[in-house]
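Colleague: I'm new to this one and would like to go through it with you, a piece at a time. Could you put it up for me?

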Amino acid sequence: MKNTALSKTHESLGAKMVPFAGYNMPVSYEGVNAEHETVRKGVGVFDVSHMGEFLISGPQALNLIQKVTSNDASKLTIGRAQYSCLPNETGGIVDDLIVYKIKEEQYLLVVNASNIEKDWNHISKYNTEFNADMRDISEDYSLLAIQGPKAVEAMQSLSSVDLAEIKFYNFKVADFAGVEHVIISATGYTGSGGFEIYCKNTDVKQIWDKVFEVGAEFGIKPIGLAARDTLRLEMGYCLYGNDINDTTSPFEAGLGWITKFTKDFVNSEALAKEKAHGPECKLIAFELDERGIPRHDYDIVDGQGKKIGMVTSGTMSPSLGKGIGLGYVPTVFSEIGSKIKIQIRKKAVPATVIKLPFYKS
């Protein structure tokens with residue numbers, strides 16, 4: 001089991017630690033509902049240093065990224081980031097990721113912790129054609145997500161840049177908490193605003209301490225992975241391994257908006273055909289019409305009780321006070337307003353297909 005540079009800090013704060021993607025990670029401190037509310041109404045900090053970071057550089061860096069990702073990275077300018085995915089050769093998704101343009105001929109790819117080795121091998125396979133410089137810097141870097149509507153105000157004193165001016169999916173390389181050359185990125189996973197801070201492992205404790213020092217008057221708290229999951233689900237953000245995987249296509253997952261046919265990329269021909277005739281099944285968002293908590297792998301059934309799909313993510317929404325979830329169903333059941341049922345133990349609980357996000361700030 002690997003530790004992040006802050007594992008001992010989390011233990012000293014009384015965090016409940018669990019194994020996650022090969023790392024010893026804090027799942028909760030005071031409880032998921034309280035932590036969820038802290039981020040929705042104030043400001044909280046996640047240690048997500050288990051995420052992977054690859055630095056792709058050189059004259060062929062963009063060409064490699066264009067080949068392996070679904071989105072059009074040529075649209076990126078320095079200081080901008082882009083959500084994308086790595087399509088595989090059989091119609092599925094190797095991983096979803098964020099691509100940052102750091103400078104001309106240099107990009108940072110941020111990938112999911114559980115997929116670091118898989119993604120590296122997949123990209124390397126295509127790099128034989130381009131010979132871009134690839135460096136896996138995952139082990140050297142930490143990542144903090146400072147999230148919530150009070151994040152900008154609470155953190156402004158720690159940087160010389162105007163944090164309020166960093167737009168969504170933009171970033172600055174600047175000073176933060178006394179450390180130079182930190183990436184301050186407005187690319188959160190909670191839907192409540194804030195920043196993600198990329199820094200070296202050797203600097204993260206100093207940054208963590210200063211963040212909590214200046215955030216004290218704003219009620220800042222450490223937040224675990226359990227609340228991160230309920231927060232992202234309320235926004236309808238996909239979680240790799242649950243809602244997307246090696247067998248789900250971008251069009252089934254509602255990720256057509258990050259799939260651009262302005263270039264040739266891995267499996268683009270087959271994906272273009274799928275777009276033309278439409279996917280046979282789709283990822284839907286649903287709310288339960290009665291009490292109940294939908295969970296991962298619960299069956300989705302039709303009015304006659306026949307299984308039509310499966311829940312990929314589900315929870316009791318702390319913000320809405322009702323059961324919500326995502327799941328795949330045949331396209332015919334995917335229209336907004338469609339009535340379905342979720343098999344929760346022996347009861348088929350009625351539910352309605354809704355438009356994302358669940359949570360509207």
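This is a predicted model: local features need pLDDT of at least 70, side-chain atom pairs count only at pLDDT 80 or more; totals for chains, interfaces and linings use all residues.

Colleague: Okay, then which residues of helix 2 and helix 7 meet?

Modeller: From helix 2 there are Val 32, Glu 35, His 36, Val 39 and Arg 40, and these meet Ala 226, Ala 227, Thr 230, Leu 231, Glu 234 and Met 235 of helix 7. By class, that contact of helix 2 with helix 7 is made of six nonpolar, two polar and three charged residues.

Colleague: And at what angle do helix 2 and helix 7 pack?

Modeller: The angle is about 55°, and the axes of helix 2, which covers residues 32-41, and helix 7, which covers residues 225-235, are 8 Å apart. An angle between 35 and 65 degrees is neither roughly parallel nor roughly perpendicular, and helix 2 and helix 7 are therefore oblique to each other. As for handedness, helix 2 passes helix 7 in a right-handed crossing.

Colleague: Is helix 7 mostly buried or exposed, and why?

Modeller: Helix 7 is largely enclosed by the rest of the structure, because nine of its 11 residues are buried.

Colleague: What comes just after helix 7?

Modeller: Just after helix 7 you will find Gly 236, which takes a positive phi of about 75°.

Colleague: Going back to Arg 40 for a moment, which side chain does it join in a polar contact?

Modeller: That would be the side chain of Ser 192, and the polar contact between Ser 192 and Arg 40 is 2.8 Å. Ser 192 sits in the loop between strand 12 (179-185) and strand 13 (194-200), and with a relative accessibility of 12% Ser 192 counts as buried. Not counting residues up to four places away in sequence, Ser 192 touches Gly 148 and Pro 149 as well as Val 39 and Arg 40.

Colleague: New topic: how do helix 3 and helix 4 cross?

Modeller: The axes of helix 3 (residues 61-68) and helix 4 (residues 116-130) come within 10 Å and cross at roughly 135°, which makes helix 3 oblique to helix 4. The crossing of helix 3 and helix 4 is right-handed.

Colleague: Which residues meet there?

Modeller: On the helix 3 side they are Asn 63, Leu 64, Lys 67 and Val 68, and on the helix 4 side Ile 123, Tyr 126, Asn 127 and Phe 130. The contact of helix 3 with helix 4 divides into five nonpolar, two polar and one charged residues.

Colleague: What about Gln 82, is it buried or exposed?

Modeller: Gln 82 is buried, with a relative accessible area of 10%, and it is found in strand 6, residues 81-87. Its side chain reaches the backbone oxygen of Asp 72 at 2.9 Å. Leaving aside neighbours within four places in sequence, Gln 82 is in contact with several residues, including Asn 71, Leu 76, Val 99 and Tyr 169.

Colleague: Last one, where does Gly 14 lie?

Modeller: Gly 14 lies in the loop between helix 1 (7-12) and strand 2 (16-20), and Gly 14 is partly exposed, with a relative accessible area of 49%. From C-alpha to C-alpha, Gly 14 and Lys 210 are 19 Å apart in space, while in sequence they are 196 residues apart.

Methods:
Residues are numbered from 1 along each chain as its sequence is written. Side-chain values use heavy atoms; hydrogens and water are left out. Helices (H or I, at least four residues) and strands (E, at least two) are DSSP runs, numbered from the N terminus. Buried means under 20% relative accessible area, exposed over 50%, partly exposed in between (1.4 Å probe, protein chains only). Axes are lines fitted to C-alpha atoms, for helices over the stretch in contact, and angles run from 0 to 180 degrees between N-to-C directions. Angles under 35 degrees count as roughly parallel, over 145 as roughly antiparallel, 65 to 115 as roughly perpendicular and the rest as oblique. A crossing is left-handed if the near helix is turned anticlockwise from the far one by less than a right angle, and right-handed if clockwise. Contact means heavy atoms within 4.5 Å. Ala, Val, Leu, Ile, Met, Phe, Trp, Tyr, Cys and Pro count as nonpolar, Asp, Glu, Lys and Arg as charged, and the others, Gly among them, as polar. A polar contact is a pair of N or O atoms within 3.5 Å; within protein, one must be able to donate a hydrogen and the other to accept it, and residues adjacent in sequence count only if both atoms are side-chain atoms.
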